[in-house]
Amino acid sequence: MRLTATSTLVATIIAAISLTSSAHAEEFWSEQDVPLVPQTFKITNLLRTLDLSKPIIREITSAAVQNTHADQDQTDYYFPVDQAYSDNLAFITAENRKTKEPLEVTKDEEFYDAQFQYYKIKLATPLPPGEKVQITVRTSLTNLIHAFPTHVGQAEKQKFVYFGNPFALTAYPATKQKTTVITPNNVLEVHEHPEEVDLVVKNNQVILGPYNDVNSLEHGIFEVQYELTGAVPHVRRLRREIEVSQWGNNLAVEEHYNFVNRGAELKGQFSRIDFQRNPMGIRDGNGALGFQTKLPKLARDIYYRDEIGNISTSAIAHQPDYIQLMLKPRFPLFGGWNTTWYIGYNTPLDGYLRKIAGTDKHILKVPAISPMPDTTYEDVEIRVVLPEGAKNVKAVLPYEVDEIEYSTTKTYMDSAGRSTVTILASNLIEDHAQDLLIEYEFSQTSYLTKPLAAATMLMAIYATSIVFSHLDFKIGGSTIKK
Amino acid sequence: MEKLESLETESSMLMAKRPYLRKEIQLLEQFAAIMSSESSSTVARVLKPTILILIAVVAISSRLFSIIRFESVIHEFDPWFNYRTTQHLVKNGFYDFWNWFDEKSWYPLGRVVGGTVYPGIMVTSALIHNVLHFFNFPVDIRNVCVFLAPMFSGLTAFSAYLLTKELKDSSAGLLAAAFLGVAPGYISRSVAGSYDNEGIAIFLLVFTFYLWIKAVKTGSAFFGLLTALFYFYMVSAWGGYVFITNLVPLHAFTLLLMGRFSNRLYVSYSTFYAVGTLLSMQIPFVGFQPTRTSEHMAALGVFGLLQLYAFAELVRGYIPPKQFKALLKGGIAAVVIIASVGLTILSFSGVIAPFTGRFYSLYDTGYAKIHIPIIASVSEHQPTAWTSFFFDLQMLIFLFPAGVYLCFKELKDEHVFIILYSVFASYFAGVMVRLMLTLTPVVCVSAAIAYSTLLDTYLETSEHVLASTKPAIAVTPATPAVIEAPTAATSETKVAGKKAAAKAAAAAAASAAAAAKSTEADAKAHAKATADGEKKRFPIFNLDSRMLVILQLTWFLFMFAWHCTYVTSGSYSSPSIVLASRQQDGSQMIIDDFREAYYWLRKNTKEDAKVMSWWDYGYQMAGMANVTTLVDNNTWNNTHIATVGKAMSTSEEVSYKVLRQHDVDYVLILFGGVIGYSGDDINKFLWMIRIAEGVYPSDVKETNFFTPRGEYKVDHDATKTMRDSLMYKMSYYRFAELYGGGNAVDHVRNARMPSEGPTLSVLEEAYTTENWLVRIYKVKDLDNLGRDLKDSTAFDKGRVRKVSSLKKK
């Protein structure tokens with residue numbers, strides 16, 4: 001225990017603040033929560049790793065699970081998430097720890113309550129009574145760490161604080177469980193409640209437990225303070241526009257970013273001279289000089305701009321499999337600083353579009369987002385504009401999104417408008433950069449729409465000019481020439 | 001090629017002796033023949049538009065250097081305001097734009113944009129934008145704005161063609177179009193991204209003049225009306241419309257003096273003035289000026305004079321000459337007395353406003369420097385250096401007088417106009433650099449007249465015919481072939497002489513200017529001219545002497561094109577918000593500090609942050625940084641600008657009061673000392689001081705900024721006032737530290753700076769760009785403990801300062 005009087009005080013204050021903010025906080029301490037889900041399992045051993053080395057927290061929970069039901073095979077294992085954190089949960093996957101095969105995870109609607117959200121994990125094969133299986137659940141949690149202190153000076157080290165549950169939250173009683181918290185650097189301070197829980201601090205690790213016979217939905221609170229350097233990249237809003245041109249065999253992509261560094265805010269003002277003397281200081285502090293993103297290998301006409309024009313500070317590196325784009329904002333981004341930009345490029349459609357032979361059906365496969373590492377995306381809009389004449393459009397995503405809208409857009413020389421898919425999503429991270437499938441029908445005759453429209457337009461212009469050249473508005477004088 | 005036959009037979013005998021010339025002559029003739037035949041009108045009909053389109057393409061593409069080199073971006077200062085207002089117009093619609101009160105500029109006064117702006121260019125772009133969007137072309141408004149001036153330059157070239165065609169013929173017209181398309185004098189204000197009023201105004205100027213000439217020539221009310229409509233468009237687009245307002249009446253007046261009053265003039269001028277003036281008054285910024293200011297009085301006067309003259313003419317028809325004379329005398333006396341008394345009374349009572357300062361400075365170049373430093377401080381209001389005439393117009397400048405001379409020779413109504421235009425435009429261009437722009441079209445037009453006359457003379461193939469008709473004249477040692485020409489041919493060709501000459505003359509003229517003239521009418525007109533010319537003109541027979549001139553003229557054309565491209569690319573295609581330099585390995589390095597600072601302000605200051613800077617950057621800050629500015633390039637309030645000048649040039653304590661009074665959050669300055677950018681604020685500082693002194697003579701004194709030896713210094717020798725001024729402190733704050741304390745050198749002024757830099761107590765550095773070009777300071781809030789900011793800063797700095805100050809005591 002490395003508790004000092006002041007830090008306890010601080011911790012208590014923070015804990016108090018965090019508690020008053022959640023309505024159900026009182027219940028944390030007072031009574032035992034009873035899970036709603038059928039108690040058909042028992043956890044014999046559970047290991048949880050909480051990785052705080054990046055702004056996005058990765059939690060890996062590996063549980064050995066035993067079917068305790070007398071005679072029934074079990075397929076549904078429930079994984080609870082505190083409702084207070086459900087907005088922070090960006091991504092969840094599960095796998096069989098032994099066979100490494102992924103398991104299907106769905107948000108449960110049946111056992112819904114105000115305090116816990118359950119995720120239903122479907123076992124690949126029904127588990128007979130008394131048998132055991134090992135399940136690993138990986139979750140990615142965003143926006144859970146807070147800068148403490150909230151303001152730091154230029155090149156000053158930035159510290160974060162994390163509040164969490166010292167116990168792994170389970171829907172079933174656990175015979176034994178242990179949590180390891182990994183931080184990027186040495187752990188600075190740890191506080192926990194209830195204070196009787198075992199806790200060991202080793203360099204950049206905090207080991208909580210092992211605890212024996214932990215109740216289901218057991219919770220307490222612990223706090224860890226640690227240093228985390230660099231920016232906390234956060235995209236407030238991302239608008240990604242993908243335009244398909246079957247005529248030009250082109251896929252045009254444009255992404256608009258509204259960006260903020262959520263690291264500790266810069267104390268006072270920015271000094272260029274200090275920055276120039278110690279440009280590396282930014283790495284230890286709360287600033288960022290740039291970001292990297294990957295573009296397809298065949299991308300061309302790459303541009304990087306913002307509201308007032310081209311940003312001349314980017315660089316492109318051709319890698320064997322992709323193009324590395326180094327995006328450097330106009331100014332170094334310190335904590336709390338904002339910027340916006342947009343990038344765009346063209347790439348041949350070949351690799352993305354497949355026609356199902358013998359039918360008019362086309363399948364477009366594009367990544368939903370092109371991720372920047374460790375970045376959280378708050379509000380994402382993906383617009384896919386299909387060629388004019390595309391019908392029966394259907395978009396399929398491997399994860400749940402807020403909304404999928406189908407509409408039409410009119411752009412260059414369109415007569416009927418192009419089918420457009422708009423996907424609205426929130427709280428995305430790198431892991432969401434999976435393929436988005438869009439299925440649509442596009443007949444051969446639709447290829448002719450554009451040239452016909454263009455020809456008609458030209459014809460109209462010529463016809464008008466012919467008519468006009470024959471009009472004569474003269475008053476007086478002879479209308480006959482010569 | 002059958003059409004060649006006739007010509008060939010005529011010349012074949014001459015050619016027999018000098019076969020080696022045959023080929024050259026033949027080429028010329030072929031060229032001519034194509035044009036001269038009956039089918040020529042069809043060919044010309046295709047060629048002329050093609051050439052005009054090509055000229056437009058050249059005009060547009062030569063303005064795209066900055067796009068190719070940098071990007072599609074709005075340039076300089078004023079265009080940023082136009083761009084911002086256009087965005088507002090496109091976003092909020094016309095009526096909102098018309099009633100727009102911009103509270104983000106001239107804080108805390110604000111600006112009524114709708115009433116203080118020439119809306120022509122914004123409305124034009126918005127219209128193009130909306131039409132394109134109506135047809136589902138989602139073109140960004142920025143691109144419309146960037147490409148507007150080049151597009152209009154194509155139209156300008158076309159109007160130059162029309163105008164010159166009215167003066168001479170279409171071959172001269174094509175030349176004028178080509179000249180105006182690439183003349184640097186016009187390109188300087190119409191490159192892509194230079195989204196300024198002049199971009200469309202020059203087109204309107206030339207086109208209005210064309211319509212005016214057409215109206216005077218035809219006496220058609222229709223053309224008079226068109227002139228008025230385009231005059232209205234011009235009024236809505238540029239303050240330079242006053243040039244038309246005065247030049248057209250002057251033309252009418254001159255014609256009157258020359259005794260050339262005609263019904264044509266009466267109809268066209270009356271239509272133009274009545275409709276044009278009423279229309280121009282619809283622009284809120286112009287309002288009642290046409291009836292109230294001296295600048296517009298000439299037009300009104302001429303209008304009245306024409307009415308009286310026409311009335312007198314009418315009366316003359318009904319009254320016997322003797323009585324009419326008496327009546328006329330009485331009438332004139334009465335009118336003169338009434339008019340002069342009326343004008344005097346109205347002027348003194350203030351109904352008619354006197355000339356504005358900007359106008360006075362056109363007559364006396366020293367006027368502005370003494371009375372209105374704010375006008376003199378603008379570089380484009382400086383008198384023109386003589387070299388810039390050549391720089392902007394190259395060979396046109398020496399063809400120009402020749403063209404004017406040729407106009408004198410013709411001296412029809414329209415030529416009088418060109419003469420007047422050239423005289424006045426030359427004067428104004430000499431007074432103000434910026435007015436080079438109005439001179440350029442007339443220079444191109446008259447140079448084209450001169451050039452095409454030269455070509456007409458030297459390319460005329462009719463000489464053979466002439467030679468055979470008048471062999472006596474043709475005695476020159478260089479043409480023995482002509483002398484030996486058989487006289488038998490003489491009588492034969494004499495009959496056909498005139499006809500053939502006409503035909504061939506037309507052909508020659510056609511081949512002259514980019515080979516595209518001679519419609520039926522032109523050919524006829526020229527035939528007449530040549531027929532007269534047979535008496536007047538001394539024909540040039542010698543191929544060598546012809547070639548000498550032609551080749552030289554062609555060479556001039558090449559040089560001209562080369563010069564224009566060179567000037568455009570080198571001097572007029574820099575967006576000025578981005579600076580480019582070459583690195584040692586030859587790669588381009590871009591210094592983008594302005595946008596770095598502006599974008600930082602845009603994204604990382606609060607929505608209503610007030611930023612003080614010198615007025616030069618006002619428009620850019622409003623456009624790019626989207627912050628509230630105190631003063632900007634619309635220099636309408638001298639006192640406000642002087643206040644900013646005072647804040648910049650006084651000591652911290654004095655200027656802090658000014659800053660607090662104006663709610664200033666940030667102060668932005670330009671400092672070029674690190675990279676040697678000479679257009680920075682320390683170099684402009686003297687103007688700030690001068691303008692501030694004009695309003696606050698007790699706070700700011702220019703002499704205090706000069707060393708006893710009268711030098712403007714920033715180094716060790718800088719005066720105390722200089723070193724205490726806010727501008728100096730902001731510029732050199734922590735500058736010496738960049739050089740590790742010693743040997744700090746200001747690269748603009750080549751000054752070695754003291755190692756101990758200035759200290760700031762009422763401001764704190766908020767942002768400095770990568771190359772230190774832009775420095776932004778935050779104005780500190782009042783001290784929490786009620787201390788003086790100087791004391792509190794000293795206290796924060798710690799013991800050292802305190803102890804040293806104690807020691808002094």
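**Terms and the values behind them**

Guide: Start with a search of the whole structure, a predicted model. It finds zero disulfides over all chains.

Visitor: How do you know that Cys444(B) is in no disulfide?

Guide: A disulfide needs two cysteine sulfur atoms within 2.5 Å. For Cys444(B), the nearest cysteine sulfur belongs to Cys564(B), and it is 8.5 Å away.

Visitor: Why is Cys444(B) called buried?

Guide: Buried means under 20% relative accessible area. Cys444(B) has 0%, so it counts as buried. Cys145(B) has 1%, so it is buried too.

Visitor: Which residues is Ala447(B) in contact with, leaving aside neighbours within four places in sequence?

Guide: Phe179(B), Leu396(B), Leu399(B) and Phe400(B). Contact here means heavy atoms within 4.5 Å. Phe179(B) is 268 residues from Ala447(B) along the chain, yet their C-alpha atoms are separated by 8.5 Å.

Visitor: Which residues of helix H21 of chain B are buried?

Guide: Ser388(B), Phe389(B), Asp392(B) and Leu393(B), in a helix that spans residues 386–393.

Visitor: Why are they said to be on the same side of H21(B)?

Guide: They cover an arc of only 110° around the axis, so they share a side. These buried residues pack against helices H10, H22, H23, H24 and H29 of chain B. After H21(B) comes Gln394(B), with a positive phi near 45°.

Visitor: Now chain A. In what order do the eight strands of the open sheet run?

Guide: E21-E20-E24-E17-E16-E27-E30-E29, with mixed pairing.

Visitor: What makes E21 and E29 of chain A edge strands?

Guide: Each pairs on one side only.

Visitor: How do you know that E29(A) pairs with E30 of chain A?

Guide: Pairing takes at least two bridges. Seven bridges join E29(A) to E30, and the two run antiparallel. Ser407(A) stands opposite Thr420(A) in E30(A).

Visitor: What does UniProt place at residues 610–660 of chain B?

Guide: An unreviewed entry there gives the feature "domain: STT3/PglB/AglB core". Over those residues the chain is 57% helix and 10% strand. The end C-alpha atoms are 11 Å apart.

Notes
Residues are numbered from 1 along each chain as its sequence is written. Chains are lettered from A and ligands numbered from 1 in the order in which they are written. This is a predicted model: local features need pLDDT of at least 70, side-chain atom pairs count only at pLDDT 80 or more; totals for chains, interfaces and linings use all residues. Side-chain values use heavy atoms; hydrogens and water are left out. Buried means under 20% relative accessible area, exposed over 50%, partly exposed in between (1.4 Å probe, protein chains only). Helices (H or I, at least four residues) and strands (E, at least two) are DSSP runs, numbered from the N terminus. The arc is that of the directions from the helix axis to the C-beta atoms. UniProt positions are given in the numbering used here, feature names are shortened, and annotations may be inferred rather than shown by experiment.
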